[in-house]
Amino acid sequence: VAVYIARFGVAEAVMMALAHLLPGGSLAGPTSFDLLVVGGGSAGLTAAKFAARFGKSVALIERERLGGDCTWTGCVPSKTLLASAERAHALRTAAEFGVAQPATVSVDMAAVKARIGRTIGQIYDADDSPEALRALGIETVSGAATLVDARRVSVSSGGGGTATVYEATKGVVLATGARPRPLDIRGIASVPHLTYEGIFSLDTLPERLTVVGGGPVGCELAQAFARLGSSVTLVAPRLLPGHEPEASDDLAAALRADGVALVAARAAAVEARAGGGHALTCSDGSVVEGTALLSAVGRVPVSEGLGLSALGVELSAATGGIAVDAKLRTTVKGVYAAGDCTGDRQYTHYAGFQGAIAARNILLPLSDQGVATSRVPGCVFTSPEVAKVGLTESEARAEGKAGGVAVAYRRMGQVDRAVTMGEASLGFLKVVYEPRSGAILGATVMGPSAGELISEISVAMAGKVKLPALASIMHAYPTVSIALQQLAAEVYYNQLEASMPLYNALSRLGL
């Protein structure tokens with residue numbers, strides 16, 4: 001009780017102590033579980049589902065709404081918006097395919113928003129809702145969580161109510177996610193602006209949208225709103241930093257083709273204009289005026305308010321996220337962390353992977369590695385899509401691979417399926433590999449179905465399949481994926497050509 005009084009005050013400490021002393025461990029319902037999961041996004045949901053799948057008792061604690069960013073403000077609404085934008089673009093370009101083109105293409109933003117809401121609801125009800133989770137045997141708890149110690153979590157529902165302490169007999173998984181990184185420029189405090197948390201709630205189409213940030217969110221939404229009918233300007237020194245430069249260049253061409261104005265500079269300052277507009281000053285001296293401002297400059301891990309410092313859970317100096325080792329263990333025994341809150345790469349699928357591994361390492365014997373090195377695939381859902389896995393060419397060369405670094409490259413203009421689809425002018429397939437062993441070090445695909453094709457390369461890398469060996473794996477024609485077989489065949493033929501003196505000698509021997 002003395003510990004609780006020091007942390008939470010007298011009244012709440014007494015209630016917490018009573019909750020542990022009364023039969024059943026709670027004033028209302030069970031409070032002891034094999035696993036406690038804090039955070040109901042991708043990592044937390046997957047951790048809880050893993051526990052339930054293996055017959056373990058689990059409580060999933062979420063202070064806002066289950067589903068996390070992916071369901072409510074990320075993957076689901078953004079891809080639904082992109083689908084509407086693609087339909088508008090298809091109508092405007094129908095004449096190129098011999099189809100009668102309407103005189104005007106109008107977009108009902110309220111209807112677009114309504115469809116986004118329906119899509120979110122459908123996925124939430126099926127996968128993330130308390131009812132869906134209860135059917136799997138997962139207890140859901142609504143409230144803000146604070147760690148009391150390595151096995152106890154206090155949950156306050158707010159409104160002046162008392163807190164309830166929940167106990168984990170096996171361990172705790174922290175999966176608190178991330179939030180938008182603030183746009184740190186002069187004047188921003190006095191200018192209304194949007195992030196990915198609010199952009200999907202718009203009832204009307206912005207007349208002139210300024211997007212700050214050239215990452216996946218900025219590029220996807222800039223293109224989507226341009227296709228829906230907004231006048232869009234994107235401000236960023238480079239598009240998709242961290243990707244191959246060819247991808248950045250081709251995407252810039254694609255966005256310009258859709259009417260997006262690009263300013264290759266940093267946002268420096270902003271001031272309000274009459275009527276809710278703004279004037280954004282860039283590092284190159286240019287000024288961009290608009291009626292709506294979208295900040296898309298990344299996300300930062302959520303770790304505050306959990307009582308981590310008092311418990312001894314350390315944060316990473318490099319990322320600001322919760323520090324974990326390769327097995328996703330924090331600096332406090334029994335407490336693990338997974339997903340975006342660790343400051344690692346921010347992908348829904350990676351967060352889900354880590355959530356499952358964290359739960360597995362707590363609940364089952366032995367352990368698995370939860371921090372991937374370079375085999376985490378990702379996809380930017382622009383048109384064309386940009387997907388990558390592993391190392392870029394420059395990253396591979398910087399590592400100084402002992403077997404050297406080589407590149408196999410094929411433009412989408414050489415892919416028959418892309419030509420038939422009218423999507424051959426931009427995009428490519430690039431595989432970085434070791435020439436001696438043929439081991440794949442990384443790849444980038446830019447083109448139709450890039451997000452699907454990158455998964456095949458991910459499987460090849462995980463299975464240690466050499467690039468030349470992919471030449472013998474038959475692909476259907478005409479598909480986009482056959483480009484990978486054709487590219488691998490070129491590498492294989494080069495190897496054969498280098499071995500021709502040996503083959504000629506064997507031929508002379510009648511072999």
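In this predicted model, helix α3 (residues 42-53) and helix α11 (residues 348-363) pack with their axes 7 Å apart and at an angle of about 40°, the axes being lines fitted to C-alpha atoms over the stretch in contact, with angles from 0 to 180 degrees between N-to-C directions. That makes α3 oblique to α11, a term for angles that are not under 35 degrees (roughly parallel), over 145 (roughly antiparallel) or 65 to 115 (roughly perpendicular). Where contact means heavy atoms within 4.5 Å, Ser42, Ala43, Thr46, Ala47, Phe50 and Ala51 in α3 meet residues of α11 that include Gly352, Gly355 and Arg360. By class, this contact of α3 with α11 has 8 nonpolar, 5 polar and 1 charged residues, with Gly counted as polar.

Local features need pLDDT of at least 70 and side-chain atom pairs count only at pLDDT 80 or more, whereas totals for chains, interfaces and linings use all residues. Residues are numbered from 1 along each chain as its sequence is written, and side-chain values use heavy atoms, with hydrogens and water left out.

An open sheet is formed by 4 strands in the order β10-β9-β8-β14, with parallel pairing, where two strands pair if DSSP finds at least two bridges between them.

| Edge strand | Residues | Partner strands |
|---|---|---|
| β10 | 261-263 | a single partner strand |
| β14 | 292-295 | a single partner strand |

Strand β8 (residues 208-212) is joined to β14 by 4 bridges, and valine 211 stands opposite leucine 294 in β14. Helix α8 (residues 216-228) packs on the sheet, where it touches β8, β9 (231-235) and β14, and its direction makes about 165° with that of β9.

Methods: Helix = DSSP H or I, 4+ residues; strand = E, 2+ residues; numbered from the N terminus.
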